[in-house]
Amino acid sequence: MEPVTQVRSKTVVLPNDDIDTDQIIPARYLTTTTKDGLGKNLFNDWRYGADGKERPDFALNRPENRGAAILVGGHNFGCGSSREHAPWALLDYGIRAVISTEIADIFRSNSLKNGLVPIVVDTDTHRWLLANPGAEALVDVASATLEVGGKRVSFPIDKFSRYCLLNGIDQLGFLMEHEAMIASYEQAHA
């Protein structure tokens, strides 16, 4: 996992409430155990028509949204099943942060463990973001703040998750950093 200190990008908006993990990455694409290539199927049923061609009206397919690394979703983003493939698909596509007024707990946990920054904001900030697609935004993980539209707001993130994001490690990586201390403790208590 790469360290995540800041994400600076324009936003892409999917205003739908209750975007679930099956909409993020449909179950038929969960046959892989690797993260590579999942981005091409991100929001597959919304992005592509029955003929396999991109739907030009879908937000991720619009030219002005190409390259956006911050996704603004509607309320209750990432609900549904606990598939880790959902944050994998977002990351593989190039999304580095997701903003909503509520993010499902399991999706939030899976995101943090994989380097995707889940950001919960207040209703007024969210309303502004929905009304201003393509806004330039700055996510600062160290200060747990989002700067957008001349406003700086805080978002909740626990210290452990922030540490892991800033250092590019997951839970196992954190334990491995303390391997000598763990071995010493085990030896002293054997």
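Mentor: Please keep in mind that this is a predicted model. We may begin with the largest nonpolar core, which has 26 residues.
Trainee: Which residues of the largest nonpolar core touch the most other members?
Mentor: They are Ile24, Phe43, Leu71, Phe77, Leu90 and Phe107.
Trainee: Let me zoom in on Phe107. What is Phe107 in contact with, leaving aside neighbours within four places in sequence?
Mentor: Phe107 is in contact with Thr21, Ile24, Phe77, Gly78, Ala86, Pro87, Leu90 and Leu116. Apart from the core we discussed lies another one, of 24 residues, and Ala69, Leu112, Val117 and Leu146 are among them.
Trainee: Thr21 was in that contact list. Where is Thr21 placed, and what does Thr21 touch?
Mentor: Thr21 is in helix 1. Not counting residues up to four places away in sequence, Thr21 touches Gly78, Cys79, Gly80, Ser81, Arg83, Ala86 and Phe107.
Trainee: Is Thr21 buried or exposed?
Mentor: Thr21 has a relative accessible area of 2%, so this residue is buried.
Trainee: Changing topic: how many disulfides are there?
Mentor: The count comes to zero.
Trainee: What about Cys79 and Cys164, buried or exposed?
Mentor: Cys79 counts as buried, because its relative accessibility is 16%. Cys164 is buried as well, with a relative accessible area of 4%.
Trainee: How many salt bridges does the model have?
Mentor: The count is four salt bridges. In one of them, the side chains of Arg83 and Asp22 meet with N to O at 3.0 Å.
Trainee: Where do Arg83 and Asp22 sit in the chain?
Mentor: Arg83 is in the loop between strand 2 (70-73) and helix 3, while Asp22 is in helix 1, residues 21-24. The two are 61 residues apart, and the pair links distant parts of the chain.
Trainee: How accessible are Arg83 and Asp22?
Mentor: Arg83 is buried at a relative accessible area of 14%, whereas Asp22 is partly exposed at 34%.
Trainee: Which residue forms a salt bridge with Asp45?
Mentor: Arg28 does, and the closest N and O atoms are 2.4 Å apart. Asp45 lies in helix 2 (residues 44-47) and Arg28 in the loop between helix 1 and helix 2, so this pair ties together parts 17 residues apart in sequence. Asp45 counts as partly exposed, at 39% relative accessibility.
Trainee: And what can you say about Arg66 and Glu54?
Mentor: Their side chains meet in a salt bridge at 2.7 Å, N to O. Arg66 and Glu54 both lie in the loop between helix 2 and strand 2, and the parts tied together are twelve residues apart in sequence. Arg66 is partly exposed at 36% relative accessibility, and Glu54 is partly exposed at 35%.
Trainee: One last topic, the strands. In which sense do strand 1 and strand 5 pair, parallel or antiparallel?
Mentor: Strand 1 pairs with strand 5, residues 136-140, in the antiparallel sense over five bridges. There, the bridge partner of Ser9 is Ala137 in strand 5.
Trainee: How do strand 1 and strand 2 pair, then?
Mentor: Strand 1 and strand 2 pair in the parallel sense, over four bridges. Thr11 stands opposite Ile70 in strand 2.

Technical notes
Residues numbered from 1 in each chain as written. Predicted model: local features only at pLDDT ≥ 70, side-chain atom pairs only at ≥ 80, totals over all residues. Heavy atoms only, no water. Core = buried A, V, L, I, M, F, W, Y, C linked by side-chain atoms within 4.5 Å. Buried < 20%, exposed > 50% of the residue type's maximum accessible area, 1.4 Å probe, protein only. Contact = heavy atoms within 4.5 Å. Disulfide = S-S within 2.5 Å. Pairing = 2+ DSSP bridges.
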